[in-house]
Amino acid sequence: MSDSVSIALRFGLYVDLMLLFGVALFGLYSLKGQERISGAVLPFRSMLTGTAVLGVLLSVASMVVMASAMSGESDFAELRPHIEMMVFETDVGLAWVVRIVALVIASLAVMLNHRAPGFSLLIASFAGAIALASLAWSGHGAMDEGSRRYWHFITDILHLLASGAWFGALVALALMAKINDLQTEERIRLLARAVSRFEWVGAVIVAVITVTGVVNYLFIVGPTLDDVLLSTYGILLSIKIALFAGMLVLAALNRFHLGPFLQRSLREGQYRVAANMLRRSVVVELTAAVLIMGLVAWLGTLSPEMEMTGQ
């Protein structure tokens, strides 16, 4: 039961913090000027404030569950000293405190959206990046020592940030491509421009995720495949890789076919079909991303070394 709760909380934090960072970042590179004001294109204020508040709640719940699992206590009065010890005397606790502070800063920055939308999104994305990066201290890198530990953290953080940028962009594009919002040529032109601007960002994201994913595997498992493939960790990792490959196919479809098709359709004045095809592709890609995060949350609770030793 505790493992299920832990996985659910990890999944919730991944989705929430990636959404906070990725959507705020998307507003910076894909939109401009007054388009960044909450409600003009995307509901930045409600989305980012909501994710920041939810991130705090999920972080508190995660800390309580972690302390309970480590101490074996369930009564809060007995559990409180263990929580205080973890928060004030461990690296995980320091990362947790930094995350809470970053989330508070992000929520305050979003309140400035109508006055300074660009600055608001810049602060929110920076704070969101810090909050998302703090999750690395709850991953496999925390078990390493010496210089290996720091390199593993760097790789984990880059992987998290690239994944968050991709996930946030998919959510933003899916919202922009809603059927009700595709009723005017102006809105579809805005969608086409956002897709075009995401192309170069997406190329960098894919490269970073691929490289850091391989390096992370080497850190966690080592240069071997045979011993891990039949373990639970290996099976889940294989499913994750298959889903990621599917996302790459959809991304290539958007980049080389649906995006240009939408641009041509706008010039010809027949854009509804192209816009709807792009919307469906983004939604499928987003679904695959959510499934991958669920697998990552599960993988983070497993130890491939212990599984291979037990075989």
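Is arginine 80 buried, partly exposed or exposed? Let's start there. Arginine 80 is partly exposed, because its relative accessible area is 49%. Here "buried" means under 20% relative accessible area, "exposed" means over 50%, and "partly exposed" is in between, with a 1.4 Å probe and protein chains only.

Before I go on, a word on what we're looking at. This is a predicted model, where local features need pLDDT of at least 70 and side-chain atom pairs count only at pLDDT 80 or more, while totals for chains, interfaces and linings use all residues. Residues are numbered from 1 along each chain as its sequence is written, and side-chain values use heavy atoms, with hydrogens and water left out.

Okay, salt bridges. Side chains of opposite charge can pair when their charged atoms come close. The rule here asks for a side-chain nitrogen of Lys or Arg within 4 Å of a carboxyl oxygen of Asp or Glu. The structure has four salt bridges, and I'll walk you through some of them.

Arginine 80 is in one of them: its side chain meets that of glutamate 84, at 3.1 Å from N to O. Both residues sit in helix α3, residues 76–89, and they are four residues apart, about one turn of the helix. By the way, helices are DSSP runs of H or I with at least four residues, strands are runs of E with at least two, and both are numbered from the N terminus. An α-helix has 3.6 residues a turn, so residues three or four places apart point the same way. Glutamate 84 is partly exposed too, with a relative accessible area of 36%.

Next, the side chains of aspartate 91 and arginine 149 form a salt bridge at 2.9 Å, N to O. That pair links distant parts of the chain: aspartate 91 is in helix α4 (residues 91–110) and arginine 149 is in helix α6, 58 residues apart. Aspartate 91 counts as partly exposed at 44%, whereas arginine 149 counts as buried at 14%.

Then there's arginine 255 with glutamate 199, where the closest N and O atoms are 3.6 Å apart. This one also links distant parts of the chain, from helix α9 to helix α7, 56 residues apart. Arginine 255 is partly exposed at 36%, and glutamate 199 is partly exposed at 24%.

While we're on α9, take a look at that helix. Helix α9 covers residues 232–268, which is 37 residues, and reaches 52 Å from its first C-alpha to its last. That is close to the 54 Å expected at 1.5 Å a residue, where the expected span is 1.5 Å times one less than the number of residues. And where does α9 bend? The bend is at asparagine 254, by about 45°; that's the angle between axes fitted to the seven residues ending there and the seven starting there.

On to the rings. A pair of aromatic rings is described by the distance of the centres and the angle of the planes. Rings of Phe, Tyr and Trp (its six-membered ring) pair if their centres lie within 6.5 Å; planes under 30 degrees apart are stacked, over 60 edge-to-face, and the rest tilted. There are four aromatic pairs by this rule. One of them is tyrosine 29 with tryptophan 200, edge-to-face, at 6.5 Å centre to centre and 65° between the planes. Tyrosine 29 is in helix α1 (residues 2–30) and tryptophan 200 in helix α7, so the pair ties together parts 171 residues apart in sequence. Tyrosine 29 is buried at 13%, but tryptophan 200 is exposed at 56%.

Tryptophan 137 and phenylalanine 153 are stacked, because their ring centres are 4.4 Å apart and their planes at 20°. Tryptophan 137 lies in the loop between α5 and α6. Tryptophan 137 is partly exposed at 25%, and phenylalanine 153 is buried at 5%.

Last stop: asparagine 216, in helix α7, residues 185–220. Asparagine 216 counts as buried at 10% relative accessibility. Its side chain makes a polar contact of 3.1 Å with that of aspartate 156. A polar contact is a pair of N or O atoms within 3.5 Å; within protein, one must be able to donate a hydrogen and the other to accept it, and residues adjacent in sequence count only if both atoms are side-chain atoms.
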